[in-house]
Amino acid sequence: MILNIVGNILVTVGTVFLFLGALGIFRMPDVYSRLQAGTKATTLGALSTVIGVGFLQPEWIWKTLLIAIFIAISNPISSHALARGSYKTGLKPYMKKEGLDSYAEVEKEEVK
Amino acid sequence: MSRFIFSFVIFFLIWLGFTSTFHYQEVITGALLSLVLASLSYKSFTERGLFYLSPKRLFYILKYLAVFLIALVKANFDVAKRVINPKLPINPGIVTYHTTLKSDTAKMFLANSITLTPGTLTVDIIDDKLYIHWIDVKSEDPEVIYSEIGKDFEVILKEIFK
(Lines give C-alpha, C1' and ligand atoms only; values in the text may rest on other atoms or scores of the structure.)
Protein backbone atom coordinates (compact mmCIF):
# COMPACT_ATOMS: atom_id res chain seq x y z
CA MET A 1 0.00 0.00 0.00
CA ILE A 2 2.67 2.49 1.05
CA LEU A 3 4.89 1.17 -1.74
CA ASN A 4 2.07 1.89 -4.15
CA ILE A 5 1.71 5.50 -2.97
CA VAL A 6 5.47 6.16 -3.02
CA GLY A 7 5.71 4.59 -6.48
CA ASN A 8 2.91 6.69 -7.88
CA ILE A 9 4.36 9.88 -6.41
CA LEU A 10 7.80 9.10 -7.88
CA VAL A 11 6.36 8.40 -11.33
CA THR A 12 4.31 11.60 -11.24
CA VAL A 13 7.28 13.73 -10.13
CA GLY A 14 9.38 12.11 -12.85
CA THR A 15 6.91 12.92 -15.60
CA VAL A 16 6.54 16.51 -14.35
CA PHE A 17 10.32 16.99 -14.59
CA LEU A 18 10.40 15.38 -18.02
CA PHE A 19 7.73 17.83 -19.14
CA LEU A 20 9.69 20.78 -17.71
CA GLY A 21 12.75 19.53 -19.56
CA ALA A 22 10.82 19.50 -22.82
CA LEU A 23 9.57 23.03 -22.09
CA GLY A 24 13.18 24.07 -21.44
CA ILE A 25 14.33 22.69 -24.79
CA PHE A 26 11.52 24.69 -26.40
CA ARG A 27 12.30 28.00 -24.66
CA MET A 28 16.10 28.20 -24.41
CA PRO A 29 17.99 30.27 -26.99
CA ASP A 30 20.86 28.00 -28.10
CA VAL A 31 22.20 24.43 -28.20
CA TYR A 32 24.16 24.62 -24.94
CA SER A 33 21.37 26.07 -22.81
CA ARG A 34 19.00 23.54 -24.31
CA LEU A 35 21.38 20.73 -23.42
CA GLN A 36 21.46 22.11 -19.88
CA ALA A 37 17.70 21.89 -19.52
CA GLY A 38 17.54 18.59 -21.37
CA THR A 39 20.24 16.74 -19.45
CA LYS A 40 19.25 17.63 -15.92
CA ALA A 41 15.52 17.22 -16.38
CA THR A 42 15.75 13.95 -18.29
CA THR A 43 18.21 12.47 -15.81
CA LEU A 44 16.12 13.10 -12.71
CA GLY A 45 12.88 12.50 -14.65
CA ALA A 46 14.03 9.11 -15.93
CA LEU A 47 15.59 8.10 -12.59
CA SER A 48 12.45 8.98 -10.69
CA THR A 49 10.11 7.30 -13.16
CA VAL A 50 12.15 4.10 -13.38
CA ILE A 51 12.59 3.79 -9.60
CA GLY A 52 8.89 4.57 -9.15
CA VAL A 53 8.10 1.62 -11.41
CA GLY A 54 10.39 -0.44 -9.18
CA PHE A 55 8.27 0.53 -6.17
CA LEU A 56 5.04 -0.36 -7.97
CA GLN A 57 6.44 -3.78 -8.96
CA PRO A 58 8.67 -4.71 -5.98
CA GLU A 59 10.14 -7.77 -7.73
CA TRP A 60 11.72 -5.46 -10.33
CA ILE A 61 13.41 -3.10 -7.86
CA TRP A 62 17.00 -4.40 -8.38
CA LYS A 63 16.70 -4.23 -12.14
CA THR A 64 15.33 -0.70 -12.02
CA LEU A 65 18.14 0.37 -9.67
CA LEU A 66 20.72 -0.98 -12.13
CA ILE A 67 19.01 0.83 -15.01
CA ALA A 68 19.03 4.02 -12.90
CA ILE A 69 22.80 3.70 -12.36
CA PHE A 70 23.40 3.25 -16.10
CA ILE A 71 21.26 6.29 -16.91
CA ALA A 72 23.04 8.43 -14.30
CA ILE A 73 26.46 7.53 -15.77
CA SER A 74 25.64 7.65 -19.48
CA ASN A 75 23.39 10.73 -19.67
CA PRO A 76 26.00 13.38 -18.77
CA ILE A 77 28.56 11.73 -21.05
CA SER A 78 26.23 11.94 -24.05
CA SER A 79 25.43 15.59 -23.32
CA HIS A 80 29.15 16.36 -23.07
CA ALA A 81 29.70 14.68 -26.44
CA LEU A 82 26.86 16.69 -28.00
CA ALA A 83 28.13 19.99 -26.56
CA ARG A 84 31.72 19.36 -27.66
CA GLY A 85 30.56 18.20 -31.09
CA SER A 86 28.46 21.32 -31.62
CA TYR A 87 31.36 23.57 -30.63
CA LYS A 88 33.73 21.78 -33.01
CA THR A 89 31.31 22.23 -35.89
CA GLY A 90 31.33 25.99 -35.26
CA LEU A 91 28.18 26.75 -33.27
CA LYS A 92 28.94 29.72 -31.03
CA PRO A 93 27.16 29.89 -27.68
CA TYR A 94 24.54 32.59 -27.14
CA MET A 95 25.83 35.28 -24.75
CA LYS A 96 24.26 38.39 -23.28
CA LYS A 97 27.68 39.90 -22.61
CA GLU A 98 30.52 39.39 -25.10
CA GLY A 99 33.76 37.67 -24.16
CA LEU A 100 32.52 35.10 -21.70
CA ASP A 101 33.77 32.28 -23.89
CA SER A 102 37.02 30.81 -22.57
CA TYR A 103 36.81 27.75 -24.81
CA ALA A 104 37.37 29.92 -27.90
CA GLU A 105 41.12 30.16 -27.13
CA VAL A 106 41.49 26.38 -27.29
CA GLU A 107 39.75 26.33 -30.65
CA LYS A 108 42.04 29.03 -32.05
CA GLU A 109 45.16 27.16 -30.98
CA GLU A 110 43.94 23.99 -32.61
CA VAL A 111 43.24 25.77 -35.90
CA LYS A 112 46.81 27.15 -35.96
CA MET B 1 44.77 -10.21 -9.29
CA SER B 2 42.99 -7.53 -7.28
CA ARG B 3 41.72 -6.02 -10.53
CA PHE B 4 40.40 -9.42 -11.62
CA ILE B 5 38.53 -9.99 -8.33
CA PHE B 6 37.08 -6.47 -8.45
CA SER B 7 35.73 -6.98 -12.01
CA PHE B 8 34.34 -10.38 -11.02
CA VAL B 9 32.52 -8.94 -7.99
CA ILE B 10 31.00 -6.09 -10.04
CA PHE B 11 29.87 -8.36 -12.90
CA PHE B 12 28.41 -10.86 -10.47
CA LEU B 13 26.48 -8.15 -8.61
CA ILE B 14 25.07 -6.87 -11.93
CA TRP B 15 24.04 -10.44 -12.83
CA LEU B 16 22.32 -10.90 -9.46
CA GLY B 17 20.53 -7.57 -9.91
CA PHE B 18 19.21 -8.43 -13.35
CA THR B 19 18.09 -11.97 -12.52
CA SER B 20 16.83 -10.95 -9.01
CA THR B 21 16.95 -14.50 -7.70
CA PHE B 22 19.20 -16.75 -5.61
CA HIS B 23 18.15 -20.00 -7.31
CA TYR B 24 21.30 -22.17 -7.48
CA GLN B 25 21.17 -22.65 -11.28
CA GLU B 26 21.08 -18.90 -11.90
CA VAL B 27 23.83 -18.23 -9.40
CA ILE B 28 26.16 -20.88 -10.89
CA THR B 29 25.59 -19.66 -14.46
CA GLY B 30 26.19 -16.09 -13.34
CA ALA B 31 29.39 -16.99 -11.51
CA LEU B 32 30.75 -18.86 -14.55
CA LEU B 33 29.85 -16.04 -16.94
CA SER B 34 31.33 -13.42 -14.62
CA LEU B 35 34.55 -15.45 -14.41
CA VAL B 36 34.83 -15.59 -18.20
CA LEU B 37 33.97 -11.90 -18.64
CA ALA B 38 36.29 -10.78 -15.86
CA SER B 39 39.21 -12.78 -17.23
CA LEU B 40 38.66 -11.25 -20.68
CA SER B 41 38.12 -7.64 -19.67
CA TYR B 42 39.69 -6.89 -16.28
CA LYS B 43 42.59 -5.00 -17.86
CA SER B 44 40.38 -2.37 -19.44
CA PHE B 45 37.61 -2.50 -16.83
CA THR B 46 39.53 -1.11 -13.86
CA GLU B 47 42.93 0.39 -13.14
CA ARG B 48 43.22 -0.10 -9.39
CA GLY B 49 40.88 -2.97 -8.51
CA LEU B 50 40.01 -3.70 -4.90
CA PHE B 51 41.55 -0.37 -3.92
CA TYR B 52 38.05 1.15 -4.21
CA LEU B 53 36.36 -1.31 -1.85
CA SER B 54 38.06 -0.36 1.42
CA PRO B 55 35.54 0.62 4.16
CA LYS B 56 36.76 4.22 4.31
CA ARG B 57 36.27 4.66 0.57
CA LEU B 58 32.86 3.00 0.64
CA PHE B 59 31.86 5.53 3.30
CA TYR B 60 33.05 8.41 1.12
CA ILE B 61 31.31 6.90 -1.93
CA LEU B 62 28.02 6.87 0.01
CA LYS B 63 28.62 10.46 1.14
CA TYR B 64 29.34 11.39 -2.46
CA LEU B 65 26.08 9.78 -3.60
CA ALA B 66 24.15 11.79 -1.00
CA VAL B 67 25.77 15.10 -2.01
CA PHE B 68 25.23 14.22 -5.66
CA LEU B 69 21.52 13.38 -5.28
CA ILE B 70 20.84 16.61 -3.37
CA ALA B 71 22.65 18.59 -6.07
CA LEU B 72 20.67 16.79 -8.79
CA VAL B 73 17.33 17.67 -7.20
CA LYS B 74 18.48 21.27 -6.69
CA ALA B 75 19.57 21.43 -10.34
CA ASN B 76 16.14 20.34 -11.48
CA PHE B 77 14.35 22.97 -9.41
CA ASP B 78 16.84 25.51 -10.74
CA VAL B 79 16.07 24.56 -14.35
CA ALA B 80 12.33 24.51 -13.62
CA LYS B 81 12.50 28.01 -12.11
CA ARG B 82 14.35 29.42 -15.11
CA VAL B 83 12.10 27.71 -17.64
CA ILE B 84 8.82 28.79 -16.04
CA ASN B 85 9.89 32.41 -15.49
CA PRO B 86 8.55 34.43 -18.45
CA LYS B 87 11.70 36.62 -18.55
CA LEU B 88 14.00 33.59 -18.95
CA PRO B 89 16.71 34.82 -16.51
CA ILE B 90 19.90 33.47 -18.05
CA ASN B 91 23.38 34.90 -18.61
CA PRO B 92 25.28 32.07 -20.30
CA GLY B 93 29.00 31.78 -21.00
CA ILE B 94 31.87 29.28 -20.98
CA VAL B 95 34.33 29.45 -18.08
CA THR B 96 37.51 27.55 -17.25
CA TYR B 97 37.60 25.44 -14.11
CA HIS B 98 40.98 24.30 -12.75
CA THR B 99 40.93 20.95 -11.04
CA THR B 100 43.59 19.48 -8.76
CA LEU B 101 42.49 15.88 -9.32
CA LYS B 102 45.07 13.64 -11.00
CA SER B 103 43.40 10.38 -12.03
CA ASP B 104 41.35 10.17 -15.22
CA THR B 105 38.50 8.31 -13.55
CA ALA B 106 38.26 11.00 -10.88
CA LYS B 107 38.13 13.71 -13.56
CA MET B 108 35.40 11.82 -15.37
CA PHE B 109 33.29 11.60 -12.22
CA LEU B 110 33.89 15.29 -11.49
CA ALA B 111 32.85 16.26 -15.03
CA ASN B 112 29.73 14.10 -14.88
CA SER B 113 28.73 15.51 -11.52
CA ILE B 114 29.29 19.06 -12.69
CA THR B 115 27.03 18.40 -15.68
CA LEU B 116 24.23 17.28 -13.37
CA THR B 117 24.51 20.13 -10.85
CA PRO B 118 22.68 23.47 -11.06
CA GLY B 119 23.34 25.49 -14.20
CA THR B 120 26.58 23.91 -15.39
CA LEU B 121 27.52 21.66 -18.31
CA THR B 122 31.01 20.29 -19.02
CA VAL B 123 31.98 20.94 -22.62
CA ASP B 124 35.53 19.55 -22.63
CA ILE B 125 38.39 18.39 -20.42
CA ILE B 126 41.95 19.25 -21.44
CA ASP B 127 44.62 18.18 -18.92
CA ASP B 128 43.61 19.87 -15.66
CA LYS B 129 41.22 22.38 -17.18
CA LEU B 130 37.49 21.78 -17.47
CA TYR B 131 35.60 24.02 -19.88
CA ILE B 132 32.17 24.58 -18.42
CA HIS B 133 29.11 26.15 -19.97
CA TRP B 134 27.53 28.09 -17.10
CA ILE B 135 23.97 29.27 -17.61
CA ASP B 136 24.24 32.11 -15.11
CA VAL B 137 27.83 33.38 -14.98
CA LYS B 138 28.28 35.06 -11.62
CA SER B 139 31.98 35.86 -11.89
CA GLU B 140 35.07 35.05 -13.94
CA ASP B 141 37.32 34.88 -10.89
CA PRO B 142 38.84 31.34 -10.64
CA GLU B 143 38.31 31.24 -6.86
CA VAL B 144 34.60 31.96 -7.17
CA ILE B 145 34.27 29.49 -10.04
CA TYR B 146 35.98 26.80 -7.96
CA SER B 147 33.81 27.25 -4.88
CA GLU B 148 30.55 27.78 -6.79
CA ILE B 149 30.83 24.87 -9.21
CA GLY B 150 32.81 21.92 -7.96
CA LYS B 151 34.24 22.35 -4.47
CA ASP B 152 31.84 19.96 -2.70
CA PHE B 153 32.52 17.15 -5.15
CA GLU B 154 36.23 17.69 -5.46
CA VAL B 155 36.86 17.46 -1.72
CA ILE B 156 35.13 14.07 -1.51
CA LEU B 157 36.61 12.73 -4.77
CA LYS B 158 40.09 13.55 -3.47
CA GLU B 159 39.45 11.29 -0.48
CA ILE B 160 38.14 8.47 -2.66
CA PHE B 161 41.01 8.50 -5.14
CA LYS B 162 43.82 9.32 -2.70
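In this predicted model, leaving aside residues up to four places away in sequence, Val123(B) touches His80(A), Ala83(A), Arg84(A), Tyr87(A) and Tyr103(A), along with Ile94(B), Tyr131(B), Ile132(B) and His133(B); touching, or contact, means that two C-beta atoms, placed from the backbone, lie within 7 Å. Residues are numbered from 1 along each chain as its sequence is written, and chains are lettered from A, with ligands numbered from 1, in the order in which they are written. Local features need pLDDT of at least 70 and side-chain atom pairs count only at pLDDT 80 or more, while totals for chains, interfaces and linings use all residues.

Val123(B) also turns up, with Val95(B) and Ile132(B), among the residues with the most contacts inside the largest nonpolar core, a set of 27 residues. Such a core joins buried Ala, Val, Leu, Ile, Met, Phe, Trp, Tyr and Cys residues through C-beta atoms within 7 Å, buried meaning 20 or more other C-beta atoms within 10 Å of a residue's own. The biggest share, five residues, comes from α5(B). Another core, of 14 residues, lies apart from it and includes Ala41(A) and Val79(B).

As for the contact between the chains, 33 residues come from chain B and 37 residues from chain A.

Helices here are DSSP runs of H or I, at least four residues, numbered from the N terminus.

Notes:
A residue is buried if 20 or more other C-beta atoms lie within 10 Å of its own, exposed if 12 or fewer, and partly exposed in between; C-beta atoms are placed from the backbone. Helices (H or I, at least four residues) and strands (E, at least two) are DSSP runs, numbered from the N terminus.
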